[in-house]
Structures are given as structure tokens and as C-alpha cells.
Amino acid sequence: MGLSPAWDGSWEANEYKMTVRTLGVIYITVLGLFALAGPGHAQERGYLGPLPCAGECHQEIFDTWKTSKHAKAFQNLAPGAREKEKKEAGLKPATDYTMDKTCMPCHVTGWNDGGYSMEKPDPYLQGVGCESCHGAAGGWNEIHKKKDLANRPRTMKQKGQIEPFKGRTVCVPCHEDDTNPYKFRTPPGKIDWTELKHADTYHILK
Ligand code: HEC
Ligand code: HEC
Ligand code: HEC
């Protein structure tokens with residue numbers, strides 16, 4: 001999609017280079033792609049990446065998220081990264097896992113759901129982004145700007161947004177799944193994911 005020719009894998013270095021104008025172009029490009037994809041296609045879920053959420057409204061949350069391990073989860077799949085931790089889980093430190101489909105469900109945003117894919121490896125969907133926990137923002141972002149509709153739970157749900165702590169928390173499918181090489185750290189049922197002490201691992205909560 002030509003989203004970011006200058007991408008170097010670092011949120012710190014890149015986010016400020018994105019102007020509001022660029023965001024607009026991306027937004028329209030993304031919407032255009034979904035329109036082209038047609039009904040029934042996974043692309044209509046509309047993953048936008050975290051920058052439009054940061055934009056005018058959630059800059060503070062974005063600033064804390066971008067330093068989190070979630071934000072950097074993709075980089076750790078590269079050879080040489082987290083060598084000790086990879087050995088601990090029986091993974092090979094010298095192997096490049098950034099193209100390994102078995103790792104993608106939990107290390108990118110919107111895998112198998114119209115988000116990150118091998119065909120469209122959007123750097124802004126690398127790592128565990130806002131939309132991994134809150135749902136794809138494509139249908140939500142526009143209406144969300146209309147103040148009277150903002151944050152109405154029913155509207156949010158209709159537009160594809162998830163309340164992360166409702167029902168089974170969104171944390172479980174990644175953290176307690178059998179395919180997580182580190183599942184031994186988070187045995188099923190032992191962790192209350194809704195405890196606020198976890199919050200500093202993804203973003204500050206007001
Ligand atoms: C899409 C998959 C996914 C979801 C959803 C997810 N996580 Fe994670 N989480 C990860 C991955 C991958 C890492 C490891 C990142 C790394 O270190 O490379 C991680 C790391 C963590 C860590 C370790 C961070 C640290 O600083 O040591 C905690 C704690 C955590 N997540 C809590 C949560 C909580 C709480 C939720 C739900 C609100 C959640 N996660 C949702 C995939 C996910
Ligand atoms: C079902 C989800 C899931 C899948 C699939 C998955 N991971 Fe992860 N991964 C996680 C979670 C959750 C964590 C955070 C572990 C923790 O600290 O509790 C994590 C953490 C990591 C870490 C950082 C560990 C650390 O302590 O620094 C590496 C490296 C990693 N995964 C590599 C991989 C590789 C390579 C694959 C594919 C072969 C893979 N993962 C597949 C969920 C997953
Ligand atoms: C690992 C999962 C996870 C990620 C990633 C994540 N969030 Fe959250 N977020 C949560 C949880 C859990 C809550 C608390 C929900 C509740 O209390 O019901 C929350 C609450 C919020 C709230 C409402 C509460 C508040 O503090 O204002 C906003 C707004 C929000 N998140 C925006 C974002 C944005 C923007 C990003 C990306 C920059 C993001 N989130 C990334 C899990 C996540």
C-alpha cells in the first residue's frame with residue numbers, strides 16, 4: 001500500500017513523521033481497498049493501525065502503548081532478538097520468524113481478520129495494536145468523531161468495537177492458547193486478566 005517507505009520498525013521514530021494529511025490519505029486508501037474488496041471479503045473489517053486512534057483523541061494512551069511489549073511484539077520475531085527468551089521456549093534464536101505464519105495470530109494486528117497479512121504486510125499492523133484488543137476501527141473511527149454518538153456502548157458494538165473486559169477477556173486467546181510458546185508462563189485459569197495491574201503492560205487507564 002506504500003504506507004511508509006521510511007519505516008524502521010520503531011514507533012518512537014516514525015509516528016511524528018506522519019502528518020494529519022498522511023493519515024487522511026491512508027484512511028481513504030484503506031476505505032478504498034475495502035470497497036474494492038467487495039462484500040463478504042475479510043478486508044471489510046477495516047484495520048487502520050494505531051495512528052488514527054492516537055491522532056486527536058488518544059495521544060496519551062498511544063504514548064504509553066508504543067513503549068509496551070505489545071507494540072514491539074513483531075520485532076522480537078527477528079533473528080537475534082530475545083535470544084535467551086527464545087531458547088527458554090525451545091525456539092531457535094537464529095531463525096527469522098517474521099514470515100512464519102504460525103507466529104502471526106498473536107504478534108500482529110488483525111491476522112486472518114482482514115488486518116495484517118503476508119500479501120499486505122502493513123508495518124502499522126505489526127505488533128499487538130489497539131485494534132487487537134478493541135476491535136477493527138474502520139467502521140468506528142468516523143462515527144466516533146461525532147461527539148453525540150461517541151462512546152455509546154451500542155454504537156461501539158455495532159461498529160465492530162469490543163469492550164476488552166466483557167465476557168471472556170480478549171487476553172486469553174493469545175496468552176493462554178496452546179500455540180503460545182510461552183503458555184507455561186500463563187497457565188489457563190490462573191490469571192485474572194481484568195486486574196488493573198496488567199494495565200501498565202498495554203496503556204495507562206484513567
Ligand atoms: C493478539 C495477541 C495478544 C492479545 C490480544 C494480548 N496480548 Fe499480551 N502479549 C502478546 C504478545 C505477543 C506479548 C509478547 C510481546 C513481546 O515481548 O514480544 C504479550 C505480552 C504481554 C505481557 C508481558 C509484558 C511485560 O512487560 O512483561 C503482559 C503482562 C500482557 N501481554 C498482558 C495482556 C493483557 C492483560 C491483555 C488483555 C487486556 C493482553 N495481554 C492481550 C499478545 C497478546
Ligand atoms: C497463541 C498466541 C501466540 C503464538 C501463536 C505465538 N506467540 Fe509468541 N508470545 C505470545 C505471548 C502471549 C507472549 C508473551 C509471553 C509472556 O511473557 O507471558 C509471547 C512472547 C513471545 C516472545 C518474547 C518472550 C520474552 O520473554 O521476551 C517471543 C520471542 C515470541 N513470543 C516468539 C514467538 C514465535 C517465534 C512464534 C512462532 C513460532 C510465536 N511467538 C507464536 C503469544 C503467541
Ligand atoms: C492488550 C490490549 C489492549 C491494547 C493493545 C490497547 N488497549 Fe485500550 N484498553 C484495554 C483494556 C483492557 C481497557 C479497559 C477496558 C475496561 O475497563 O472495560 C482499555 C481501555 C481503553 C480506553 C478507555 C479507557 C481510558 O483509559 O480512557 C481507551 C480510550 C483505549 N483503551 C484506547 C486504546 C488505544 C488508542 C490503544 C492503542 C494505542 C489501545 N487502547 C490499546 C486493552 C487494550
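Me: Hi! How many helices and strands does the chain have?
Reply: Hello! The chain has 10 helices and zero strands. Helices here are DSSP runs of H or I with at least four residues, strands are runs of E with at least two, and both are numbered from the N terminus. This is a predicted model, where local features need pLDDT of at least 70, side-chain atom pairs count only at pLDDT 80 or more, and totals for chains, interfaces and linings use all residues. Residues are numbered from 1 along each chain as its sequence is written, while chains are lettered from A and ligands numbered from 1 in the order in which they are written.

Me: And what pattern does the chain follow along the sequence?
Reply: Reading along the sequence gives α-α-α-α-α-α-α-α-α-α.

Me: OK, what percentage of the residues is buried?
Reply: Of the 206 residues in the chain, 26% are buried. A residue is buried if 20 or more other C-beta atoms lie within 10 Å of its own, exposed if 12 or fewer, and partly exposed in between, with C-beta atoms placed from the backbone.

Me: Let's go to the ligands. Which residues come nearest to ligand 2?
Reply: Glu 85, Cys 103, Cys 106, Asp 177 and Tyr 182 come nearest, out of 22 residues around ligand 2. A residue is near a molecule if its C-beta atom, placed from the backbone, lies within 6 Å of it.

Me: Which elements give two or more residues to that shell around ligand 2?
Reply: Those are α5 (83–88), α6 (104–107) and α10 (172–175). The most comes from α6, with three residues.

Me: How do the residues of the shell around ligand 2 divide?
Reply: There are nine nonpolar, seven polar and six charged residues in the shell around ligand 2. Nonpolar covers Ala, Val, Leu, Ile, Met, Phe, Trp, Tyr, Cys and Pro, charged covers Asp, Glu, Lys and Arg, and the others, Gly among them, are polar.

Me: Now ligand 3. Which residues come nearest there?
Reply: Around ligand 3 there are 19 residues, and His 58, Cys 130, Cys 133, Pro 164 and Tyr 202 come nearest. Both α4 (59–65) and α7 (130–134) supply at least two residues of the shell around ligand 3, and the largest share, four residues, is from α7. The shell around ligand 3 divides into 12 nonpolar, five polar and two charged residues.

Me: And which come nearest to ligand 1?
Reply: Lys 69, Asn 76, Cys 171, Cys 174 and His 198 do, out of 19 residues around ligand 1. Two or more residues of the shell around ligand 1 come from each of α6, α7 and α10. As for residue types, the shell around ligand 1 has nine nonpolar, eight polar and two charged.

Me: Switching topic: what is phi of Arg 82 near?
Reply: Phi of Arg 82 is near 50°, a positive value in a residue other than glycine. Most residues other than glycine have a negative phi. Arg 82 is in the loop between α4 and α5.

Me: Why does Arg 82 count as partly exposed?
Reply: Because 15 other C-beta atoms lie within 10 Å of Arg 82.

Me: What about Asn 112, buried or exposed?
Reply: Asn 112 is exposed, because 12 other C-beta atoms are within 10 Å. Asn 112 lies in the loop between α6 and α7, and its phi, near 60°, is positive too.
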